[in-house]
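Here are some notes for your review. They cover ring pairs first, then helix packing.

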Amino acid sequence: MTQTHTPVLAGELIDLVDPRPGEIAVDCTFGGGGHARLIADRIGPAGTLICIDRDPIAEDRFAELAPELPCHTRFIRADFVTALEQLLEERIEPDLVYVDLGMSSMQVDTWARGFSYAYDAPLDMRMDPDQELTAQEILNSWDERQLARLLRKYGEERYAGPIARAIGRARRQEELSSTHQLVELIKSAVPVHTHFAGGHPARRTFQALRIAVNDELSQLDAALPLAWKLLSQGGRFAAISFHSLEDRSVKRFLVALARGCVCPPELPVCVCGHLPEAELLTRRAVAPTPGEIAANPRARSAHLRAARKLEVQGK
């Protein structure tokens, strides 16, 4: 496992959420702690950093890093929906909340977790190793139509049908148990020209399986309103996403909050009285610079969106 972690869009995140001395920050996806370290430096000795992650590797990393951080710290090992609900019950009012979605470098580089198609490993893909559902169970027990729908929905995979049929044929011979088996099946099911264009042919299938195993999109949709409700008036929220499905969810959520009047356009005056709850800090998603991508290729697909919580009467 690699011992280094390079936070993505770190400078852009700091500029947008603007951490200040003494503030309370909630890191919903601690991972390797790259963003947390930068936030901690800015909120300083009077500040508090609350870190959340469901992965025990992240908890171990936090234990290593926390003594070096110049602020008060706390770690909650849970998915971010559960943790945010807990913080709401405690009436915590943070000044900033941020999420860095997708996998951490530590997860990708821990071969036994099975997140990567680059080397042979068990078909696991669990961010929380205590949960029961694994990629192996999905691949060996879901019917071919379910698998094809999964690959289309979460992987936006053009060849979902042929890949699902190839999986069905193979598992009738023997149970699928390794990432190498899956990669070879995918290669056999898609046209040869796709092996050399548009990234690795297994990329979308692995993405879809990881999302399904960890229920990532449902978690995100549930966490966004919780994070916003938790945030103090004037607080800042930011999300870094790594594929279009995540970014779409974040964009829709923030745009809806920033919308004012929702009256039908034919009405001459507003009668709804609806006021915007958010000021968008990013009109368009912020993407990594070419320099960052060259230094850290895993940043290539990242997008950052942010907003400030406005004071609305009755909210």
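Is Phe62 buried or exposed, and what is its relative accessible area?

1. The model is predicted. Phe62 is buried, because its relative accessible area of 10% falls under the 20% cut-off. Phe75 also counts as buried, at 16% relative accessibility. Phe30 is buried as well.

2. The structure holds four aromatic pairs. Take Phe30 and Phe75: the ring centres lie 6.1 Å apart and the planes stand at 85°, so this pair is edge-to-face. Phe30 sits in the loop between β1 (24–27) and α2, while Phe75 belongs to strand β3 (residues 72–77). The pair therefore ties together parts 45 residues apart in sequence.

3. Phe75 also pairs with Phe62. This pair is tilted, with 5.1 Å centre to centre and 35° between the planes. Distant parts of the chain are linked here too: Phe62 is in helix α3 (residues 56–65), Phe75 in strand β3, and the two are 13 residues apart.

4. Now the helices. Helix α1 (residues 10–17) packs with helix α2 (residues 34–43) at an angle of about 40°. Their axes are 10 Å apart. The two helices are therefore oblique to each other. Their crossing is right-handed.

5. Which residues meet in this contact? From α1 come Ala10, Leu13, Ile14 and Val17; from α2 come His35, Leu38, Ile39 and Arg42. By class, the contact of α1 with α2 has six nonpolar residues, one polar and one charged.

Definitions and conventions:
Residues numbered from 1 in each chain as written. Predicted model: local features only at pLDDT ≥ 70, side-chain atom pairs only at ≥ 80, totals over all residues. Heavy atoms only, no water. Axes fitted to C-alpha atoms, helices over the stretch in contact; angles between N-to-C directions. Helix = DSSP H or I, 4+ residues; strand = E, 2+ residues; numbered from the N terminus. Parallel < 35°, antiparallel > 145°, perpendicular 65-115°, else oblique. Left-handed = near helix turned anticlockwise from the far one by under 90°. Contact = heavy atoms within 4.5 Å. Nonpolar A, V, L, I, M, F, W, Y, C, P; charged D, E, K, R; others polar. Phe/Tyr/Trp six-rings, centres within 6.5 Å; stacked < 30°, edge-to-face > 60°. Buried < 20%, exposed > 50% of the residue type's maximum accessible area, 1.4 Å probe, protein only.
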